[in-house]
Amino acid sequence: MLHKTKQGLVHIENRRSISSITECSKCISCKGGREERRELWRREGENTVTERRICCSRKKRYKQAIKYFKRYTSNMSRPPGRKQDNHKISRELFVLTYGALVAQLCKDYEKDEDVNTCLDRMGYGIGVRLIEDFLARSAVKKCRSYSETAEMIAQVAFKMYLGVTPSVSCTSATGDEFSLILDKNPLVDFVEELPAERASLCYCNLLCGVIRGALEMVHLAAEVTFLQDKLKGDAVTEIGIIFLRKTEDKKHKRNK
């Protein structure tokens, strides 16, 4: 379902997911009018004013990060013939911005599971938008199997947006489980190691959400998780994709 805004059509679930991250029920600036805010400030004093400022500042950082992610992916996906503005600088800035976002989430949430969920949700919101840009700019043909889909993600999508090409391996006899193995992950270029108290953190979980959201927009439900991570001492970074059902088009053909 799409929701119409000034910026264009936005997927309704994506709009909800971003608002659930960026809005805070405790923020006075999000409640009522000017008189109600003043009354609340009189009742609760300086602590409330401080909390309001912190909350609004946090919301602003999240929105700026999401906005920059969109601009970066749009710039990275330009055709080779078109000029790319500050390609190398944009990639480095994107990586640093992402690191700042993860660091802020770690401050806001005590549990690693909550941070992982937020990153996955943000990635999903990016993926449901990014698939349209990907299909328009890559001009790829329709995939006929899960293996073709996995190869397309690795050889075209990752190369287009992150500048790397992971290797693909099928991990099940049924042909619906695949692994994307990255020898180099550009998102961790400036990360040495995870803190000891954040051992369960999936630093790049945003990628899982992006893949899941993009696949869902082409009627492919999938479970996407990190199986190995260099930041946790593994030799490679491995993303597992499990396709849960076939496309609606193929189901429709079978019914006929």
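**A walk through the chain**

Mentor: Happy to, and let's start at methionine 217: with 27% relative accessibility, methionine 217 counts as partly exposed. Keep in mind that this is a predicted model.

Trainee: Okay, which element is methionine 217 in?

Mentor: Methionine 217 sits in helix H7. In space, its C-alpha is 8.8 Å from the C-alpha of arginine 129, although methionine 217 and arginine 129 are 88 residues apart in sequence.

Trainee: Let me zoom out for a second. How many helices and strands does the chain have?

Mentor: The chain has 8 helices and 6 strands. Starting at the N terminus, the order is β-β-α-α-α-α-α-α-β-β-α-β-β-α.

Trainee: And what share of the residues is buried?

Mentor: Of the 256 residues in the chain, 41% are buried. As for contacts in the chain, if you take those between residues at least 6 apart in sequence, 60% join residues at least 24 apart.

Trainee: Back to H7, then. At what angle do H5 and H7 pack?

Mentor: Helix H5, residues 112-138, packs with H7 at an angle of about 40 degrees, and the axes are 6 Å apart. That angle makes H5 oblique to H7.

Trainee: Is the crossing left-handed or right-handed?

Mentor: The crossing of H5 with H7 is right-handed.

Trainee: Which residues of H5 and H7 meet there?

Mentor: On the H5 side, they include Leu119, Met122, Gly123, Ile126, Gly127 and Leu130.

Trainee: What about H5 and H6, at what angle do they pack?

Mentor: H5 and H6 pack at about 95 degrees, and their axes are 12 Å apart. That makes H5 roughly perpendicular to H6. From H5, the contact uses Leu130, Asp133, Phe134 and Ser138, and from H6 it uses Met152, Val156, Ala157, Met160 and Tyr161.

Trainee: And the split into nonpolar, polar and charged for H5 with H6?

Mentor: For that contact the residues divide into 7 nonpolar, 1 polar and 1 charged.

Trainee: New topic: aromatics. How many aromatic pairs are there?

Mentor: The count comes to 3 aromatic pairs. One of them is tyrosine 98 with tyrosine 203, an edge-to-face pair with 5.5 Å from centre to centre and 90 degrees between the planes.

Trainee: Which parts of the chain does that pair tie together?

Mentor: Tyrosine 98 lies in helix H4 (residues 87-108), and tyrosine 203 is in the loop between strand E4 (177-182) and helix H7 (205-217), so the pair ties together parts that are 105 residues apart in sequence.

Trainee: Are tyrosine 98 and tyrosine 203 buried or exposed?

Mentor: Tyrosine 98 is buried, at a relative accessible area of 0%, and tyrosine 203 is buried as well, at 7%.

Trainee: How about tyrosine 146 and phenylalanine 243, why does that pair count as stacked?

Mentor: The ring centres of tyrosine 146 and phenylalanine 243 are 4.4 Å apart and the planes are at 5 degrees, so the pair is stacked. The cut-off that matters here is planes under 30 degrees apart. Tyrosine 146 is in helix H6 (residues 146-161) and phenylalanine 243 in strand E6 (residues 237-243), so this pair links parts of the chain 97 residues apart.

Trainee: Buried or exposed, for tyrosine 146 and phenylalanine 243?

Mentor: Tyrosine 146 is buried at 14% relative accessible area, and phenylalanine 243 counts as buried at 3%. Together with Phe178, Tyr146 and Phe243 form one aromatic cluster.

Trainee: Last one: which residues other than glycine have a positive phi?

Mentor: Alanine 139 is one of them, with a phi of about 55 degrees, and histidine 219 is another, with a phi near 65 degrees. Alanine 139 is in the loop between H5 and H6 and is exposed at 62% relative accessible area. Histidine 219 is in the loop between H7 and strand E5 (222-228) and counts as partly exposed at 35%.

Terms used: Residues numbered from 1 in each chain as written. Predicted model: local features only at pLDDT ≥ 70, side-chain atom pairs only at ≥ 80, totals over all residues. Heavy atoms only, no water. Phe/Tyr/Trp six-rings, centres within 6.5 Å; stacked < 30°, edge-to-face > 60°. Helix = DSSP H or I, 4+ residues; strand = E, 2+ residues; numbered from the N terminus. Buried < 20%, exposed > 50% of the residue type's maximum accessible area, 1.4 Å probe, protein only. Axes fitted to C-alpha atoms, helices over the stretch in contact; angles between N-to-C directions. Parallel < 35°, antiparallel > 145°, perpendicular 65-115°, else oblique. Left-handed = near helix turned anticlockwise from the far one by under 90°. Contact = heavy atoms within 4.5 Å. Nonpolar A, V, L, I, M, F, W, Y, C, P; charged D, E, K, R; others polar.
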